[in-house]
Amino acid sequence: MKNRFAKLLWASSVLLLLSGCVSYSITEREMTNYLNDNLQLNQSVGVENVMYAKLSVDDLQVKIGRSDADRVAVFANTKAQLQLLDEQDINLDLDIEFSAIPKYEQENGEIFLQSIRLEKIDQEGQLLTPEIKKLIKPAVSMIGAAMSTYPVYKLDSNTVKEALLKSSNPEVVVKNNQLVIEFFE
């Protein structure tokens with residue numbers, strides 16, 4: 001089995017050298033599915049029963065190169081529970097948008113997000129008061145920071161093309177609303 005894989009890898013390498021360029025495209029759907037399957041985001045900030053916010057991300061959606069040509073946008077449907085002193089808990093359904101620049105880490109064949117920017121926070125059907133924004137913004141920032149420490153996609157070493165890309169030092173670019181990993185000779 002190993003010998004067969006080695007021959008297949010060698011043959012693929014020869015084809016790579018003859019063709020001059022190999023690329024692998026990751027679609028918005030593939031990245032969205034990877035994130036929803038592999039990333040659990042729950043953050044809390046503050047002091048319970050005083051000023052406290054608890055956020056959990058229910059659903060993530062990725063858009064590649066739509067707002068900014070070189071950035072990946074991540075939309076997070078987020079549930080927030082807020083406690084403000086003696087008042088009744090406030091439950092919010094937030095739509096949060098982050099954007100970031102993709103970066104490839106060769107060692108594990110993973111793509112991370114860097115230079116994360118909070119683009120917007122919206123509450124469905126309700127305006128966020130300055131006090132509420134002030135309370136939830138640190139928790140939202142913690143979600144953004146968590147997103148920068150976990151891969152948004154990982155190449156599969158069992159696929160020959162992905163294994164070749166993983167063993168090289170390719171360039172990651174945004175093209176046609178896809179993340180494209182390119183290896184040039």
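## Starting at Leu55

Leaving aside residues up to four places away in sequence, Leu55 touches Leu41, Asn42, Gln43, Thr78, Lys79, Ala80, Leu94, Ile96, Ala139, Val140 and Ile143. Bear in mind that this is a predicted model.

Leu55 also stands out in the largest nonpolar core, which has 44 residues: together with Leu94 and Leu179, Leu55 touches the most other members. Helix 3 (residues 130–149) gives this core its largest share, 8 residues.

## A hairpin

Next, have a look at strand 2 (residues 42–47) and strand 3 (residues 51–64). The two run antiparallel, and 6 bridges join them. One of the pairings to look for is Gly46, whose bridge partner in strand 3 is Tyr52.

Between the two strands of this hairpin sit 3 residues, and Asn49 takes a positive phi near 65° there.

Now over to helix 2 (residues 28–38). Which of its residues are buried? They are Glu28, Met31, Thr32, Tyr34 and Leu35. Looking down the helix axis, you'd see these buried residues fall within an arc of 160°, so they line one face of helix 2.

Turn to the other side of helix 2 and you'll find Arg29 and Asp37, which are exposed.

## Two tyrosines

The structure holds 1 aromatic pair, and it is made by Tyr34 and Tyr153. The pair is tilted, with 5.5 Å centre to centre and 50° between the planes. Since Tyr34 belongs to helix 2 and Tyr153 to strand 7 (residues 153–154), the pair ties together parts that are 119 residues apart in sequence.

Are these two tyrosines buried or exposed? Both Tyr34 and Tyr153 are buried.

Across the chain, the mean pLDDT is 78, and 79% of the residues reach 70 or more. Which elements mark the two ends of the range? Helix 2 has the highest mean pLDDT among the elements of the chain, at 92, while helix 1 (residues 2–19) has the lowest, at 52.

One stretch to treat with care is residues 14–20, where pLDDT stays under 50. For residues 14–20 the model has 8 contacts beyond four places in sequence.

Definitions and conventions. Residues are numbered from 1 along each chain as its sequence is written. This is a predicted model: local features need pLDDT of at least 70, side-chain atom pairs count only at pLDDT 80 or more; totals for chains, interfaces and linings use all residues. Side-chain values use heavy atoms; hydrogens and water are left out. Two strands pair if DSSP finds at least two bridges between them. Helices (H or I, at least four residues) and strands (E, at least two) are DSSP runs, numbered from the N terminus. A nonpolar core is a set of buried Ala, Val, Leu, Ile, Met, Phe, Trp, Tyr and Cys residues joined through side-chain atoms within 4.5 Å. Buried means under 20% relative accessible area, exposed over 50%, partly exposed in between (1.4 Å probe, protein chains only). Contact means heavy atoms within 4.5 Å. The arc is that of the directions from the helix axis to the C-beta atoms. pLDDT is the predictor's confidence in each residue, from 0 to 100. Rings of Phe, Tyr and Trp (its six-membered ring) pair if their centres lie within 6.5 Å; planes under 30 degrees apart count as stacked, over 60 as edge-to-face and the rest as tilted.
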